[in-house]
Amino acid sequence: MASIPPSIPQNATRVLVVDDEPGLRQVLHIAFHRQGYEVVVAPGARAAIEAIRQNPQPFPLVLTDLVMPDGSGIEVLTAAKARSNATEVIVMTAHSTVESALDAMRHGAYDFVTKPFSPAELTALAAKALEKSSIVAENQRLRAQLERLDLPSREPLGTSAAMQRIAELIAKIAPTRTTVLLTGESGTGKERVARAIHDQSDRAARPFLVVNCGALPEALMESELFGHEKGSFTGAGARSMGLFREADGGTLLLDEIGELPAALQVKLLRVLQERKVRPVGAAAEIAVDVRVLAATNRDVEAEVRQGRFRQDLYYRLNVIRIELPPLRERPGDISRLAERFLRRFAAELGKDVRGLTTDAVRALDAYSFPGNVRELENMMERAVALAGGPTIGLGDLPSAVAGLSASPAPLLAQLPPEGCALDEVIGEVERRLILQALERTGGVRKAAAKLLGVSFRSLRYRLAKHALAADGEGDDDPEGGSRRESSPPGALE
Ligand SMILES: Nc1ncnc2c1ncn2[C@@H]1O[C@H](COP(=O)(O)OP(=O)(O)OP(=O)(O)O)[C@@H](O)[C@H]1O
């Protein structure tokens, strides 16, 4: 086990010395202690890795032998880097072949020294490595602070019951490492939810990276994800880390996961199981500590049934499922989000726009938003840019939306001079009343049916007619109808 000397100042810089030779450990302990460092010594690779993982704070500096009876210095180096990118590692080697030194450098060592060396030589090198470590740590701290100052993902996701349930689920799962599958139509906020999970986790100070799995051909995608060695394939220039290693300690969102080529699905599954990546052209695997989130707007279950998506990978990703409802099924969120976007764009564009007219709100509420929140956001940006006065009116909205301003209530009682399409009007009234009832009952269809004065069977028929699905919890379906949930059975809720 690593031993921690008792009499050292609380705030001294902690250095981990790893060597199987007791004599060298002692010499380095004395040399570094004299320089005011707190020294932790480990007699082998296993004890060192244990100390790296258990120490309350990451060590800023690790000095490690390369070849030890119970493991290699590269393993110590990998464990140290996995714990914190700000840890610098100096490798001490008696086996100074160009090969082993280069290998250590490839794995991110700060430098290496060849035995025998003088303690003064090593303490001088250590001081430089520590300088670098403190700069990296400071940058990480500042980046985290900056992100917290302006974190749109900390704004509430929405006031609808559905979004509040999702916010509660995020708060529950954020501190865990569980894989999450985010599904929902394009623009519903899957990436935003992924960002919120990251920001609310203890990985918030580490990177949050997003990759579109369908954006590149298979060979390039493999290197994008897992990295490559220099010249490992035609066109492979300098060595690349790959997104998994760049996101080390943080979160990686695999967007459009349904488009991941079949061969990479197998490799991804292995990475998720082993928590190690093998860069293209590399002989060895490298440990990574990344939380993986995946998103898709495809029907993944159908893709699995049709053999286009591996079932084992699907199960591995679908540990927790968050299904983002379309904006049109979240009445209440539309006007709140519209107001929020309006304030943001007014500030950004330096315009004195303060709100929406009642007609404009009514038109937005009646619109179906095929592009979901993204469409609303773009619409508000355009409206604020065009606005001639302090409020957004119908004239500032696209004609497809402005045309929906007439509220269904007067339509029920009053036939417009130009006549109307009766079935459409009635259908729209029905759709909106059903949505409101579901909203009020938290998605419980039996209660919604009661509120609407219809039988459960009749409500179910109408839901199907309007292609609506209730997403509430505790829907006590007396007729055994199917229920769509915001998370699958077994999900952490
Ligand atoms: N609840 C929300 N509050 C504020 N803005 C939101 C919300 N949900 C989504 N947005 C905004 O809408 C836009 C689209 O969201 P996002 O990219 O997360 O959707 P997506 O489901 O990942 O889309 P795609 O499937 O096309 O990748 C973004 O600009 C995002 O900031």
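**Figure 1. The loop between β7 and α5, with Pro116.** In this predicted model, Pro116 is found in the loop that lies between β7 (111-114) and α5 (119-149). Helices (H or I, at least four residues) and strands (E, at least two) are DSSP runs, numbered from the N terminus. The peptide bond that joins Lys115 and Pro116 is cis, with omega about 0 degrees. Most peptide bonds are trans. Residues are numbered from 1 along each chain as its sequence is written. Because the model is predicted, local features need pLDDT of at least 70 and side-chain atom pairs count only at pLDDT 80 or more, while totals for chains, interfaces and linings use all residues.

**Figure 2. Asn85 in the loop between α3 and β6.** The loop that holds Asn85 runs between α3 (73-83) and β6 (88-93). Asn85 is buried because 22 other C-beta atoms lie within 10 Å. A residue is buried if 20 or more other C-beta atoms lie within 10 Å of its own, exposed if 12 or fewer, and partly exposed in between, with C-beta atoms placed from the backbone. Leaving aside neighbours within four places in sequence, Asn85 is in contact with Val136, Asp248 and Gly249. Two residues are in contact if their C-beta atoms, placed from the backbone, lie within 7 Å. Asn85 and Ser133 are 48 residues apart in sequence, and their C-alpha atoms are 8.4 Å apart in space.

**Figure 3. Strand β10 and the strands paired with it.** Five of the five residues of β10 (251-255) are buried. Thr251, Leu253 and Asp255 point one way from the strand, Leu252 and Leu254 point the other way, and all are buried. Strand β9 (residues 208-212) pairs with β10 in the parallel sense over five bridges, and Asn212 stands opposite Asp255. Strand β13 (residues 291-296) also runs parallel to β10, joined by four bridges; here Thr251 has Arg291 as its bridge partner. Two strands pair if DSSP finds at least two bridges between them.

Figure 4. Glu256 lies in the loop between β10 and α10 (262-274), and its phi is near 50 degrees, a positive value in a residue other than glycine. With 17 C-beta neighbours inside 10 Å, Glu256 counts as partly exposed. Arg275 is placed in the loop between α10 and β11 (276-277). The phi of Arg275 is near 55 degrees, again positive in a residue other than glycine. Arg275 has 15 C-beta neighbours inside 10 Å and therefore counts as partly exposed. Most residues other than glycine have a negative phi.

**Figure 5. The two faces of strand β14.** The covered face of β14 (residues 320-323) consists of Ile320 and Ile322, and the uncovered face of Arg321 and Glu323. Strand β8 (residues 180-183) runs parallel to β14 and is joined to it by four bridges. Within this pairing, Leu182 has Ile322 as its bridge partner.

Figure 6. Arg445, Ala448 and Ala449 are buried in α19 (residues 445-452). They cover an arc of only 100 degrees around the axis, which puts them on the same side of α19. The arc is that of the directions from the helix axis to the C-beta atoms. The buried residues of α19 pack against α18 (422-440) and α20 (456-465). Gly453 follows α19 and has a positive phi, near 70 degrees.

**Figure 7. The shell around the ligand.** Of the 17 residues around the ligand, Ser186, Gly189, Lys190, Glu191 and Arg192 come nearest. A residue is near a molecule or strand if its C-beta atom, placed from the backbone, lies within 6 Å of it. At least two residues of the shell come from each of α7 (190-199) and α15 (372-386). The shell has four nonpolar, seven polar and six charged residues. The predictor gives the complex an ipTM of 0.98 and a pTM of 0.58.

**Figure 8. Confidence along the protein chain.** The chain averages a pLDDT of 83, and 84% of the residues score at least 70. Over residues 3-8 the pLDDT is below 50, and this stretch has four contacts in the model beyond near neighbours in sequence. pLDDT is the predictor's confidence in each residue, from 0 to 100. It also stays under 50 over residues 476-493, for which the model has 31 contacts beyond four places in sequence.

Conventions: Nonpolar A, V, L, I, M, F, W, Y, C, P; charged D, E, K, R; others polar.
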